[in-house]
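Please read these notes with the structure open beside you. Check each point against the model as you go.

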Amino acid sequence: MIDWIAIFSNAAQELISPTTAAYALAALGLAIHFGYTGLLNFGQAGFMALGAYGYAISILSFGFPVWAAVLVGIGASIVFALILGIPTLRLRADYLAIVTIAAAEILRLIFTTNTFDAITGSASGLQGYKTGFAALNPIPDGTYGFGPFTYNAYDWWIRIVGWSLVTVLAVVTWLIMRSPWGRVIKGIREDEDAVRALGKNVYSYKMQSLILGGVYGTLAGMIFVLPRSVVPANYQTSLTFFVYAILLLGGAATILGPVIGSMIFWVLLSFFSGFVARAVEAGWLPFMSQVQAGQLRFILVGVAIMLIVIFRPQGIFGNKKELAFVK
Amino acid sequence: MEPTQSVAERSRGRWLILLGILVAALTLSGIAASPAVADEASTESSEQEEFEYFFSGNVTFDDEPLEGVRITVEGNGFDAETETDADGKWTIGVPEKAEYELTLDEDTLPEGVVVEDGQATVTAEFGLTNRKSVNFFLGEGQRVTTDIGAQVLIRVVNGLNFGLLLALAAIGLSLIFGTTGLSNFAHAEMITFGALMVLSFGVDLALPIWLAIIIALVLSAALGWTLDAAIWKPLRRRGVGLIQLMIVSIGLSLAMRYVYQFIYGGSTRQLPGATIPSDIHLGPVTLSWIDVASMITSVVVLGAVAYFLLRTRIGKATRAVSDNASLAAASGIDVDRVIRIVWVMGAALAGLSGILWAYFRPGVSWDMGFQILLLVFAAVTLGGLGTAFGALVGSIIVGMFIELSTLWLPSDMKYVGALIVLILVLLFRPQGILGRRERIG
């Protein structure tokens, strides 16, 4: 018999899980890139990897305090955005797509190679960087919460920090996008030449947008690794595609879209995987093994991306007039 | 006690036979890294009588014992070395039942054989017995000890082979981009498809390999036809934007890739003949006949594509659509038909490229196409997006660069160099090598 309570409670937990917060942040960054500026950044996984590794390596190899480690991650992602942007921001959108995806893969290969094993931990990654963050935890030890949302002090601390960051950055993004700067950015998305004709330096605005969204991705990468360890295999291109799925689901040029999109995405995905896994266990799907049940979610995400883009390109919260898909 | 003893002996004998069969089966099914299987029972221990504990093993490559391979042992303040005998067997005695590091000296291996990545030094510990077998996994490969000129030549030939198979996929991608404007991320899955079909028909259904390859190519072409008919043509009709189409292709790529994993599982399997020995010697370069066949196939097919594009009516129409679709339509060219032909051709070329890639790697796995997708994109971008011959030039440069870069880069970083070159080229010549400036606007 299927344990529906477990499936529902696991799915409900995803609502406030740190992973959901991390994806929401990464998607918010992509919303700045893709939704508002029209930049096709397919290297968000690279920005997230820089956040994760920048944070972990600063603490493990150099013994930095938490705030310095966060700054190192942010600094690394700014440098990365500059390196990406300088050759490609003058070019057509699909060039940026190819270069960003390539750059993210370069980062992942560098983090995976045995050559830098002493610093990056190669394929097995890094752990043991959490003490500094845990020491900042003001919550006294113990277990808090109700129903499915019962966690210990550290788990609550990650969730509080993660979702506060999401809230703050969502408000910041909202403010930026209704400022004059935001209007120029949206103008670039709609018609780059018109903005150029108004005397704006399009290249510089695009670069600022790339850096800002990249920093969001970096912070997302840090939240992402707080409940787990840093493993290079997590930063494959499919991570970027998952973030895109969330962004497109919620609506690319919206503030709430990425956040609510991330919640819907993870709750549905957890519900679906939980259901299929249990159904296989219960023998309802005799043609499928447990391993195959786990792969089904990727197929589902792929199909979902296709369907959303074709049938509801503005996403759940989007406005059809504000489409990032120009031309 | 006596009878139990003999049962134990016999069962050990059975184990040995079983092991032998297993090894034979593994080699027959063509695992590249033939394990140097340790052979416990038959090792002579007479020469090592001063110690109670022994490490032993058997160094073979492709079922051939390797003689004179030096093995050293180190640990607990003790070190010793030995060499394999004519049967490839070796034994080292050690004073204590403790942990030791065993190293196989790669310089004493014959040409073209290496220990698989980083496994030349193995840490071993004794279990319940006083004898421990240690395996070194040998594979085909090159050490940098060969003189640099010969190394470069070997890399160039390998790079040419790799570049040519990349070109097959790249030309299809480039033609699709040229005629429809779509950056097709699902091209990776079209590459994998060819190899998977050969696996299904050639291995699982055990058809002759030439027949399996023909079936795979026909099915690949059919896949291209189906994709265009089912997805891309309707989307073009709807007037869906190019960036939307690109994201659809990403979703399609993700879905297809995991469908492959769903059906074929996550393991790597070999096509028949993928690991035959390299017995064609041209100076310092050793090739297997599959390498030669692969290169000849690529060149012939690329030549045929060039002839098609330059000399036939449909080929000319294809280039016209690439150049300016509206103008082509106005001059009476059936654009949809041309695009359909391009999809069928691109998919068949990608399928062929996948089959050759399966022999080059070697192995077939669910994500093999995705592993080279970025290289194919790099090749197309290097040559100039949308230009068929640029894709060829770009592919060969990428292939050569990757192989040559292993001379100074560790092999797990060899793709990094190619991707960095891609970024650098965009910095200095954004339209690519054979591209025209107007295309980047």
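The points below cover a sheet, a helix and some annotated spans.

1. This is a predicted model: local features need pLDDT of at least 70, side-chain atom pairs count only at pLDDT 80 or more, and totals for chains, interfaces and linings use all residues. Residues are numbered from 1 along each chain as its sequence is written, while chains are lettered from A and ligands numbered from 1 in the order in which they are written.

2. Start with the sheet. In chain B, 4 strands form an open sheet, ordered β6-β5-β8-β10, with antiparallel pairing. Strands here are DSSP runs of E with at least two residues, and helices are runs of H or I with at least four, numbered from the N terminus. Two strands pair if DSSP finds at least two bridges between them. The edge strands of chain B, β6 (78-83) and β10 (121-124), each pair on one side only.

3. Look inside the sheet. Strands β5 (residues 70-75) and β8 (residues 100-104) of chain B are antiparallel and joined by 4 bridges. B:Thr72 has B:Thr103 in β8(B) as its bridge partner.

4. Now take helix α10 (residues 368-383) of chain B. In α10(B), 15 of 16 residues are buried (20 or more other C-beta atoms within 10 Å of the residue's own, with C-beta atoms placed from the backbone). Just after α10(B), B:Gly384 takes a positive phi of about 115°.

5. Residues 160-178 are 100% helix and 0% strand, with end C-alpha atoms 25 Å apart. Residues 341-360 are also 100% helix and 0% strand, and their end C-alpha atoms are 28 Å apart.

Methods. Buried ≥ 20, exposed ≤ 12 C-beta atoms within 10 Å, placed from the backbone.
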